[in-house]
Amino acid sequence: MNYKRIIQIVLLMAVLVLSTYLFKQADTYTSSAAFCNSCHVHNHAQLSWEGSTHYIESEEELSCVSCHLPPKGEGFYREKIKRGFKDVYAYYFKDSVDHNWELKSRPEQAREHTFKASCLECHPKLFPIQLSPNGEIAHWHYQQHETDMHCIDCHLNVGHGPGGKASHNFELLNTTIKTDTLYLVSAQIRDLKSFTETIPQSSIGFDMIAIEKGDSSFFIGKAEVSWDEYLLFLRETESEGRSENEIDGFSGATPPWGNPDQGWGMGSRPAITMTHHAASMYCKWLSVRTGKSYRLPTEAEWEYVARQVITTESELVNTINSDKTKTIEPQEVSPDVLGLHHLFGNVKEFCADEFEKGSKEHVLKGGSFKSEKTNYRADYREATQHDHWMKTDPQIPKSIWWYSDCNDVGFRLVLTYQNTEKP
């Protein structure tokens, strides 16, 4: 017998066994949360994960790779090596202080770092016994549009954050505003001067800026319509699925699906995620409440104001939202030369015009907190994307009041000046 051959085989098997053991140990270690956090040193990732339902409620211990790598056998090690090199480079050549967590937490960014196959690996049943009725609606909708949707479209915060379940947000319609002020009458207009509008029998007031333009002068909102203003409309006209009500001929908004303020806060921040139809109905409601004729601006009116606002680039920079992650309150930036807040940036603003003749889409102006500087021009225009912005709304029919997939649109009011108009 060739003992030398036997020894070689035994040694080879020992090396293979040892290599397999070491590989598994290395794989386990490099897949742990502790190892991931040795490169991802920004504390927000760790703390938000520890506050998530995946950490608190999970029956088995999950780590970062459970969501941020595909399942084993589906490209796990290829992605692990690729992302590992990327993380090491970022650790040694980038400053973690510059990491914009809010920006990376957007759905469009999170899609690139979370694998749908990994979600389904842990949650293979779309309709488990404990699923709520709203969850059944949402999961049925996902099943019909599986190729276009990702689990995190609806479950964005389950891995980092407080979680939350998709459902109708009835609480929004019951939000109260604490104040000692109660206006009895609306403002009186006697000439073309800026004024403060007051909504009778409410605590809500807002400023309108006079714009002189010959025979077609008008007033424009100093700021975009705020959540405080919009919530009054929701409370007074609340609807649970009805179409047109009998009160003054305009309909009330149905409750939104989810959290329309994105968790950023309300108050004087611009109201967002309403559809063009909803903004138009708000103007109609406000006109009834104040005895005036409020409306959305035409594209020409908006551009006329914008050309007066843009004097120098440096002045424009001081008036826009530079946060790039969310909306901010009007007072957080300087007003422009006309006294307006956020004509550019913060949120894209609806205009009354169709984007193209016969189109169901409408013109958007001004750019938002997400926009590039090149979009902050008077002539720059965008179109609404109604169907795309309703992608994850599971309701049948879909809401005509709320966008489910757009968080950077709002609107500003306009009021035509009529010098013969009596108070």
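**Exercise 1. How many aromatic pairs does the structure hold? Describe two of them.**

Before starting, note that this is a predicted model, in which local features need pLDDT of at least 70, side-chain atom pairs count only at pLDDT 80 or more, and totals for chains, interfaces and linings use all residues. Residues are numbered from 1 along each chain as its sequence is written, and side-chain values use heavy atoms, with hydrogens and water left out.

*Step 1.* Rings of Phe, Tyr and Trp (its six-membered ring) pair if their centres lie within 6.5 Å; planes under 30 degrees apart are stacked, over 60 edge-to-face, and the rest tilted. The structure holds 21 aromatic pairs.

*Step 2.* Take Phe-23 and Tyr-77: their rings are 5.5 Å apart centre to centre with 50° between the planes, a tilted pair. Phe-23 belongs to helix H1 (residues 3–30) and Tyr-77 to helix H6 (residues 76–93), 54 residues apart. Helices (H or I, at least four residues) and strands (E, at least two) are DSSP runs, numbered from the N terminus.

*Step 3.* Now check accessibility: buried means under 20% relative accessible area, exposed over 50%, partly exposed in between (1.4 Å probe, protein chains only). Phe-23 counts as partly exposed because its relative accessibility is 46%; Tyr-77, at 32%, also counts as partly exposed.

*Step 4.* Compare Phe-233 and Tyr-282, an edge-to-face pair at 5.6 Å centre to centre and 85° between the planes. Phe-233 lies in helix H11 and Tyr-282 in helix H12, so this pair ties together parts 49 residues apart in sequence. Both Phe-233 and Tyr-282 are buried.

**Exercise 2. Find the largest nonpolar core and see what supplies it.**

*Step 1.* A nonpolar core is a set of buried Ala, Val, Leu, Ile, Met, Phe, Trp, Tyr and Cys residues joined through side-chain atoms within 4.5 Å. The largest has 45 residues, and those with the most contacts inside it are Tyr-230, Tyr-282, Phe-350, Phe-411 and Leu-413.

*Step 2.* At least two residues of this core come from each of strand S2 (205–211), helix H11 (227–237) and helix H12 (276–290). H12 gives the most, with seven residues.

*Step 3.* Look around Tyr-230. Not counting residues up to four places away in sequence, Tyr-230 touches Val-225, Ala-271, Met-274, Ala-278, Tyr-282, Trp-402 and Phe-411 (contact means heavy atoms within 4.5 Å). Ring pairs also link Tyr-230 into a cluster with Trp-227, Phe-233, Tyr-282, Trp-285, Trp-402 and Phe-411.

**Exercise 3. Which residue of S2 is the bridge partner of Thr-196?**

*Step 1.* Two strands pair if DSSP finds at least two bridges between them. Strand S1 (residues 195–198) and S2 run antiparallel, joined by four bridges.

*Step 2.* The partner of Thr-196 is Asp-207.

*Step 3.* S1 and S2 form a hairpin with six residues between them, and Gln-201 in the turn has a positive phi of about 60°.

**Exercise 4. Is Ser-287 buried or exposed?**

*Step 1.* Ser-287 counts as buried because its relative accessibility is 14%.

*Step 2.* Leaving aside neighbours within four places in sequence, Ser-287 is in contact with Lys-292, Ser-293 and Tyr-294.

**Exercise 5. Over which residues is the pLDDT below 50?**

*Step 1.* pLDDT is the predictor's confidence in each residue, from 0 to 100. The protein chain averages 85, and 88% of the residues score at least 70.

*Step 2.* The stretch is 240–248, which has 14 contacts in the model beyond near neighbours in sequence.

*Step 3.* Where pLDDT is low, the predicted coordinates should not be read in detail.
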